Each structure stands twice: as structure tokens, then as C-alpha cells.
Amino acid sequence: MKKSKIILFGLLCFGMLLVSCDKEEMPNNSTESGALPTATSSKNIPGQYIVIFDESKIEPTSKVLKKRSFTNRKDKATALDKISEESLNKMNTILSAQKLDLSNVIDYYTNLFSGVAIKLTNEELYELSKDPLVESIEYDIAIETPTIDTDSIIGDIFSQIHGKPQTTPCGINAVGGNLDGSNSENWIWILDSGIDLNHPDLNVVRDRPFAKSFIGASPNDCNGHGTHVAGIAAAIDNNIGVVGVSAGAPVVPVKVFDCKRSTSLSNILSGINHIWQYATPGDVVNMSFAANFGQGCSSNSAFVNSIKTMGRSGIFIAIAAGNANDDSRYYSPGCINGKNIYTVASMDCDSNFSSSFSNFGDNIDVIAPGDKVISTYKRRGYARLSGTSMAAPHIAGILHAKNGKLPTSGFVEYNGVKYPIGVIDN
């Protein structure tokens with residue numbers, strides 16, 4: 001039987017909650033069993049797909065340059081651009097041979113895998129799936145995260161300036177304090193809802209092409225989540241607001257979530273593709289989101305493979321375990337295991353497991369404070385939030401401050417599993 005080219009990604013229910021799966025109506029002239037999807041999820045975006053091409057025919061830049069190391073971001077991007085141009089031409093040739101309208105391409109992926117996000121009719125999907133240069137096809141997925149549970153809004157920057165000194169959050173003390181990250185050449189990439197570009201307590205890399213939005217024109221944060229995450233990892237050690245783990249470290253907004261923290265799989269893949277374009281070994285990526293696959297991580301998905309490839313390249317990745325008080329192996333990206341990839345559970349500042357929300361299980365690598373964490377927020381403000389989203393950037397900050405090392409000291413035990421506590425030093 002011919003190998004199926006279409007990964008039933010919809011069956012994995014890529015959303016924040018488990019969803020029911022119903023049959024999708026496909027062309028009735030299918031002659032090859034298993035070559036076309038037979039089911040879909042209510043989270044699938046109708047008519048929108050991720051097409052992955054055969055790497056042996058169209059090599060991604062990560063494969064072509066796997067033996068080269070870059071310390072200069074622009075040099076790396078220039079080298080990647082030359083390879084990407086050839087890949088784009090090859091992909092367009094394949095799509096044009098199928099008589100597909102290239103204006104329906106949502107984005108191209110040339111770095112961690114070779115593929116496109118594209119709108120297709122059922123007939124176009126069926127014909128494209130038979131192309132020998134197509135390795136697999138996945139459903140594009142709508143991802144909706146819960147509304148931020150804001151314990152409290154502390155206020156804007158002006159209230160911090162007038163009569164209120166800088167605060168050291170208890171989470172910083174719980175991981176052993178902070179280090180100065182302001183002079184580091186390594187960056188912390190925040191794959192999230194953007195960052196408040198004008199927050200005076202953050203060292204934001206605003207320059208194009210590094211700061212990037214795949215939701216609207218600006219990487220400025222209209223939600224607050226990304227700014228909060230950035231502050232935990234890297235708020236400046238000054239006389240206002242709060243201080244982060246790697247204080248003053250450069251933080252780069254890669255905006256893939258909108259003001260309500262909704263997005264799509266294709267947008268997240270675009271963000272990861274972008275980070276790879278400019279990140280150099282020693283950089284850190286924070287991914288404070290979690291989606292329920294229902295069946296664990298798919299080893300064949302472009303998303304999972306992209307993150308593993310990034311980790312193998314010397315980029316460090318901190319991932320939120322998820323907030324469903326469930327086994328983390330069912331939630332992506334937290335279920336992903338690989339070199340330089342760390343899935344983070346949440347504890348409070350007294351080293352108690354955050355059992356009211358934090359995911360758990362053998363898949364967890366480390367634990368950090370995520371309960372009632374005060375940090376920077378949108379509109380030059382501050383807020384107190386809870387979640388594994390807040391735990392992950394503590395680890396991102398440690399990884400940045402310690403040049404990729406992750407010391408631990410002691411552990412938190414929950415349901416018979418011991419979770420090592422990430423610290424600045426042990």
C-alpha cells in the first residue's frame with residue numbers, strides 16, 4: 001500500500017481543549033486507501049493546509065548549513081536567503097505544475113523544513129497529495145488559548161516611578177536571584193503575543209528584520225502575555241518596576257498570537273521559521289503556550305521536528321508544560337523531548353507544586369515559580385499572573401544568564417514524581 005502523505009493532524013486535536021472529530025467530505029474518486037484524510041477536527045481551518053516537500057529534493061537551509069556555525073546574525077540570514085531563493089523557486093514550480101494559484105500560498109517555509117501553508121480545494125488537495133515531491137500534508141489548525149487570568153493589574157509605569165522602588169519578585173528569589181544579562185550578545189526570543197515595544201523596564205530588540213509580527217503589522221503587544229513573559233526572563237535591573245532573571249537581556253518579540261491570544265499552526269510555524277533565520281547558537285527561545293493533542297506528540301509533524309532541529313543547533317528552548325492539571329505528554333510543545341529542550345512545570349515561591357493548574361508527569365524536565373508572578377505588562381504596566389507560562393521564562397532567563405547551563409537545587413515532589421528546581425547557581 002502506498003504510504004499516506006497526509007498526516008491526520010486534525011485527529012491530534014491541536015487546541016487548548018479536547019475536541020470531537022468528525023468525518024470530512026472528500027472527493028469520491030479516491031482510489032488509494034489512506035492517501036487522503038478521513039477525519040477532521042472542529043479546530044481545523046477549512047481548506048487550509050501545511051504541505052511538506054521531500055527534503056531529498058528540496059533541502060531546508062538547516063540541513064544544507066548543518067556543518068556551518070554563524071556568530072553574526074546578518075551573515076547567517078544572507079547565507080540562508082541564497083538557499084531559500086532556490087527552494088522557493090522549486091516549490092513554486094511544483095505548485096504551478098499542479099495549476100495552483102500561487103496567491104493562495106499563505107507562507108513559505110524554507111529553514112527547518114521545506115513547505116508551504118496554502119489554501120486548497122478538495123480536488124486540489126487530492127491531486128497535490130499524489131505528487132511524488134510531496135512528503136506529507138497536514139491540516140492547518142486554529143489555536144485559541146484561554147483568556148489570561150490576571151490576578152491583578154499593578155498599574156502603569158508612572159505609578160512605579162513616583163514613590164515606588166524596584167521590586168524583586170519572589171520568583172526571582174526562589175531561583176536564587178538574578179544575573180546581569182544586559183551585555184550578552186545572545187538574545188531571548190519571545191514567541192508569543194509580542195512585547196510592549198516602549199516598556200522602559202525591558203531591553204526590547206525593536207529593529208527589523210528581527211522583531212516580527214505574523215499577526216498584523218506591528219510586534220507590539222496588545223494582549224499583555226508576551227510582555228509579562230519577557231519581564232520574568234529579563235526585566236532591567238534599574239530603579240523602577242521589577243527585575244528579571246537575566247536582567248536587561250535583549251528580548252525579541254515574534255508575534256504569532258493576536259490580542260485575544262488566538263492564532264494558527266501556520267502562524268506558529270512562520271514564527272519558528274523566522275527565529276531560525278536570525279538566531280545564533282546560545283540564543284534562547286521561550287514558548288509559553290500549550291495545546292492538547294489528545295494523542296501525544298506526532299514524531300512526523302513539521303512543528304515537532306522543527307523544534308527538535310532548533311534544539312540540536314545549539315539554541316535553547318524553554319516550554320510551558322500547560323495548565324490543565326494533566327499529563328504533560330498530551331500537550332504540545334511540552335511533550336517534545338530533545339537536545340536543549342526543557343519542559344517546565346509550575347510551583348509557588350514556597351516550592352509547592354501548583355496542583356490547581358500545572359501539568360505534570362515524567363515528561364517534565366524542571367520546575368520553576370509560576371504562581372502569582374509579578375512582571376511587566378502591556379501599556380508600560382505591570383501585572384500579577386499565574387500559569388506554567390510564567391514558570392517557563394524563569395528557566396529561559398537562567399539558560400540565558402548561564403550560557404545554556406541549567407543548574408538545579410532540590411526538588412518538588414508531586415504524585416510520586418520529583419521535579420528538580422531550576423536555579424541560577426547550585
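Biologist: Which residues of α8 are buried?
Modeller: They are Ala 302, Phe 303, Val 304, Ser 306, Ile 307, Thr 309, Met 310 and Gly 311. Buried means under 20% relative accessible area, exposed means over 50%, and partly exposed is in between (1.4 Å probe, protein chains only). This is a predicted model, where local features need pLDDT of at least 70 and side-chain atom pairs count only at pLDDT 80 or more, while totals for chains, interfaces and linings use all residues. Residues are numbered from 1 along each chain as its sequence is written, and side-chain values use heavy atoms, with hydrogens and water left out.

Biologist: Why is helix α8 called largely enclosed?
Modeller: Because 8 of its 11 residues, 302-312, are buried, the rest of the structure largely encloses α8. Gly 314 follows the helix, and its phi is positive, near 100°.

Biologist: Zoom out. How many helices and strands are in the chain?
Modeller: The chain has 9 helices and 24 strands. Helices (H or I, at least four residues) and strands (E, at least two) are DSSP runs, numbered from the N terminus.

Biologist: What share of the residues counts as buried?
Modeller: Of 426 residues, 59% do. The accessible surface comes to about 16900 Å², and 46% of that belongs to carbon and sulfur atoms. Those areas come from the Shrake-Rupley method with a 1.4 Å probe; for residues, only the protein chains shown count as cover.

Biologist: OK, disulfides. How many does the structure hold?
Modeller: There are 2. A disulfide is a covalent bond between the sulfur atoms of two cysteines. The cut-off here is a pair of cysteine sulfur atoms within 2.5 Å.

Biologist: What does Cys 170 join to?
Modeller: Cys 170 joins to Cys 349, S to S 1.9 Å. Cys 170 sits in helix α5 (residues 170-174) and Cys 349 in the loop between β19 and β20, so the pair ties together parts 179 residues apart in sequence. The S-S torsion is about 65°, so this disulfide is right-handed. Cys 170 is partly exposed at 40% relative accessible area, and Cys 349 is partly exposed at 24%.

Biologist: And the link of Cys 222 and Cys 259, left-handed or right-handed?
Modeller: That link is left-handed, with -105° about the S-S bond. Cys 222 lies in the loop between β11 (212-213) and α6 (225-234), and Cys 259 in the loop between β13 (251-255) and β14, so the pair ties together parts 37 residues apart in sequence.

Biologist: Next, Thr 263. Buried or exposed?
Modeller: Thr 263 is buried, at 9% relative accessible area. Its place is strand β14, residues 262-264.

Biologist: What does the side chain of Thr 263 reach?
Modeller: The backbone oxygen of Val 256, at 2.3 Å. A polar contact is a pair of N or O atoms within 3.5 Å; within protein, one must be able to donate a hydrogen and the other to accept it, and residues adjacent in sequence count only if both atoms are side-chain atoms.

Biologist: How far apart are Thr 263 and Ile 141?
Modeller: They are 122 residues apart in sequence and 8.5 Å apart in space, C-alpha to C-alpha.

Biologist: Last one. How do β23 and β24 pair?
Modeller: β23 (residues 408-414) and β24 (residues 417-422) pair in the antiparallel sense over 5 bridges. Pairing needs at least two bridges found by DSSP. They form a hairpin with 2 residues between them, and Asn 415 in the turn has a positive phi of about 50°.
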